[in-house]
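Please look over the structure below. Then read the short briefing on its charged pairs, surface patches and one hairpin.

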Amino acid sequence: MAPCWRDVARVLMVTLGILQCCGWLSAQTLRTSVVTNGEGPEQSQSLERVKRGWVWNQFFVVEEYTGTEPLYVGKIHSDSDEGDGSIKYTISGEGAGTIFIIDEVTGDIHATERLDREEKAFYTLRAQARDRQTDAPLEPESEFVVKVQDINDSEPKFLEGPYIGSVAELSPIGTSVMKVMASDADDPTYGSSARIVYSVREGERFFSVDRQTGLIRTAVADLDRETQDRYELVVKATDMAGQMGGLSGSTTVTIVITDVNDNPPRFPQKMYQFSVSEGAAVETAVGRVIATDADMGDNTDMSYLIKDEEGGELFKVSTDGDTQEAVITIKKPLDFESKRTHNVVVEAINKHVDPRFVDLGSFRDQTIVRVSVSDVDEAPIFIPSSGTILEVQEDARLGALVGIVTARDPDMDNVPVRFSIDRNTDQEQIFNIDPVTGAITLAKILDRETAGWHNITVTAMEADNQSMASRTDVSIRILDVNDNPPELATPYEASICEDAKPGQLIHNISVVDRDEPQSGHRFYFTLAPESSNNRHFTLWDIKDNTAGIRTQRSGFNRQEQNVYLLPILVVDSGPPALSSTGTLTIHVCGCDTDGAIQSCNATAYVMSAALSPGALIALLVCILILIVLVLLILTLKRHRKGQRMSEDEEDMRDNVIKYNDEGGGEQDTQAYDMSALRNLYDFPEVKNSDSGPDLRSVPQWIQNRVSGDGGPADFSLFNGYIRKKVEQADADLSVPPYDSFQTYAFEGTSSPALSLSSIRTLSTTSEQDFSYLSDWGPRFRQLAGYYAPAQPEEEGS
C-alpha cells in the first residue's frame, strides 16, 4: 500500500504546483519602455507605459520525478510575442541547458534530470526574450527561482546512535535516563514529512520514551542491579507525525543499572576455626575471614571489629584494603596452660551506608572465630618477669646471701630449672649462684665507693633441655657502711692583713665524705688538741657542715711570722663516728688602706707610689712614637739607597740596540742614534799564537792602524783602558751584586780620517783619500759616496 500512497501524493504535489504557476502567470506588472522613432542626430522620443504580460517569481518542481519524459516546470511568455516565432526565449544560471531546458519558441521550461531536494533545495535562473533575427533583447533579463518541492522520501535517522545510558537501581518511576534524537532530511516547513514521533519497540516493560522529545524514563521502580545490570532497548522514530505511510528508523539504547548500597555484608559461615601455637609472637596472624557484599565498588567497603571483651583483650582485627578480608592477629601472648580455646565474635559493617535504604535492614553481620591454642615446650619464666632488685651491705662477708631468684617451667610437665650467671655481665666474678635454688652469694668483698650498683644477668634453663632457657636482669644495690672518714674538701689556704682586727672572718671550710648515710651527713668541727692553746685564731662551727676561721687578736707582723698552720679536726656522725685532721695554711700579708693585699712576702716592701693609669698610657704613647720614628728613618734610608742604585744602573746598563736601516743623509739628524756607532764592534782580547792575532772581526782601518805595515797587532792601548775601567767597577760599592754590561766610548789619540763633519770637509781643500770608508760596511756606504773622488765627467761639467 505504501507505493500507491506515494504515487497519489506525487500527483497531488504536481497539481498544486501547476495551479500556483497559473496564478502567477495571471499577474501583471507595468513597465516603462523607451520607443525611438527616426534616425540621425535629431530624434523624437516618447515615454509609454506598456503592460508586461509575462511575470514570474518562482516555479515549483516535485523532487524524485521518475517519469520517462522531461518534467514540465513552467512557461515564460511576453506580450510582444504574436506567435509568429520572431521571439526567442533563453535561460541562464544554475542548471541551465543541463538540468533545465527551454523551448525557444514557446518558452516552456522542462527538467530533464531527477531532482533531490535534500541535495539542492532551489535553483536560481535568469530569463531573456530576444529578437530571433537580430538577437537583440526585447525585455530586460529577469531572475526567477525554481524550488524543488519536497516529498516524504527520507526516513528519520539517529545520527548519534547507538546510545548508552545509565540509571541507579531502585530509582522511582519516571526517573530520566537519557534523551535520544533522530533527524529527517525532508523539509520541516512543508507538510509533515519531517515531523517525528518516538516509541519503544523492545524493553517497553521497563522504560518509556516521550513521543515528542525522545526522553527515556524508567517505567518501573524495582530495577535491581544484582538481578539484571543492563537493558537493551530499541527506540523507533517515525515521520509524518506517526500517520500511516510515514517512514521510520530505529536505534539501540543500552541502559546500564548502576549500583547503590542496598545490600548488607554477609559472612558465608557462622563459625570459623583456626589454630595457633602458644609460642606465637604478638602481631602474628591467626587467620582471615571475609564477608561478601552483593554490591560493587565503594559500596562493598567494610570494616571489621571484635564485639566480645575477652576476645578483644587477646586478639585484634584489621581490614585488608585490597581483599576486604578481616585479619585476626594476636594482641597479647597466649598461654595454653591458662586457656586452650578462645571464641572471638567478629562483626562486619558497611562503611558507606545509604540513608535511603536503612529501612531495608541492618547493614552488618557477625560470625564466631574459634581459636585453638596448641601447646609447645616453653622456656622457664621468672617470677617476677620484669627483673629483680636485691640489696646487700658493703661490709658483708664472703659467701653472704645476697638474694634468691625464682623461675618455673610453665609447661604441664613442670621440669626442674637450673640457674647460672652470665659472666659477661659479671666479669670480676663478684657473685655466685646456686644452680638449683637460685641463691646469689658473695664471692668477693664489696666496696660501695667503687661501685654502688651491680647489674648481672641470670639464666634459667630446663634441666633436661638446655635450649629452653630464659634470662632476667638482676640489679644489686650496695648499701653504705660508714668506713670512710670525712676530709677537708681542698688543701685550704687563707690570707690576713697585718692590721687584721679581732673576730674578723678569714675563711670558710667544708668537708667531703665518700660515704652516703641514709640519714644524710652531719659533721663536727674542732681545733686539734695540739692547737688547744692557740691564741691567734678561733674555729666557728656554722652547723651546716661548714665552719669559719676568725682572728682572735690583732697586730700580726709578717716580719716576725708570715705563715700560721692551723690543724682542724673533723668528725662525722657515724656509726661508728670517724674523724680526720686537716691543716689550714694562713699567710700574713701587707695590705693597702682599703684592705687589698699587696704582698705576702716577708722581704717585700710595698711601693709608696704607684703609677697611675694616665701615666702608664702616656709612657706607652711615647714608646709607640719612638718606634714609628725609627721605622720612618729606616724607610727613608732604604728609599735613598734605591734611588742611587737605580741611577747607577742607568749609567752602567745600556740597551743594546741593533739598527739595520741606512741613514737619511746630512739633513737627517734625528733618524739615527749616533751612539750606536760606538757599540758596533767588540774588541776581544787576542791570544798570542804563532800566526798572530785574528783581526777579521774588526774593520780594515782598525787593522791597519793597529798592525801598522803588516806587523803584529798591538792591543796594549785598549787592554790598559779596559783594565782600568774594570778596577773602577770592582771598587765601586754602588754597583749592583749581579753581572752587568758595561759600555765605554774610547776614541784613542788620533784618527787618519780626521773630522767627519760635512761642514769642515766642504770648507777644506784637503786631498786626503777617504776610499777606506767603503770597507766599513753598508752602513757607511752613503757616507763614503760623499767623500769619494769626483769623476772626470763631473769635473768637466
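The notes that follow are grouped by topic. This is a predicted model. A search of the whole structure finds 23 salt bridges. Three of them are described here.

**Salt bridges**
- D365 pairs with K270, and their closest N and O atoms are 3.3 Å apart. This pair links distant parts of the chain, 95 residues apart: D365 sits in strand β23, K270 in the loop between β16 and β17.
- D365 is buried, at 10% relative accessible area. K270 is exposed, at 54%.
- E391 pairs with R477, with 3.8 Å between the closest N and O atoms. E391 is in strand β25 and R477 in strand β32, 86 residues apart.
- E391 is partly exposed at 46%, and R477 is partly exposed at 36%.
- R448 and E516 meet in a salt bridge of 3.7 Å, N to O. Each lies in a loop, so the pair ties together parts that are 68 residues apart in sequence.
- R448 is buried at 11%, while E516 is exposed at 54%.
- R448 and E516 also belong to a salt-bridge network with E449 and D480.

**Surface patches**
- D375, D377, D413 and D464 form a negative patch. D375 lies in the loop between β23 and β24 and is partly exposed at 38%.
- A nonpolar patch has about 740 Å² of accessible area together; its members include L616, L619 and L634. L619 lies in helix α3 and is partly exposed at 45%.

**A hairpin**
- Strands β20 and β21 run antiparallel, joined by five bridges. F315 stands opposite I330.
- Six residues lie between the two strands, and Q324 in the turn has a positive phi of about 60°.

Note on methods:
Residues numbered from 1 in each chain as written. Predicted model: local features only at pLDDT ≥ 70, side-chain atom pairs only at ≥ 80, totals over all residues. Heavy atoms only, no water. Pairing = 2+ DSSP bridges. Helix = DSSP H or I, 4+ residues; strand = E, 2+ residues; numbered from the N terminus. Patch = residues over 30% accessible without salt bridge, like charges linked within 9 Å, V, L, I, M, F, W, Y side chains within 5 Å. Areas by Shrake-Rupley, 256 points an atom, 1.4 Å probe, with all protein chains shown as cover. Salt bridge = Lys/Arg side-chain N within 4 Å of Asp/Glu carboxyl O. Lys, Arg positive; Asp, Glu negative; His and termini not counted. Charge placed at Lys NZ, Arg CZ, Asp CG, Glu CD. Buried < 20%, exposed > 50% of the residue type's maximum accessible area, 1.4 Å probe, protein only.
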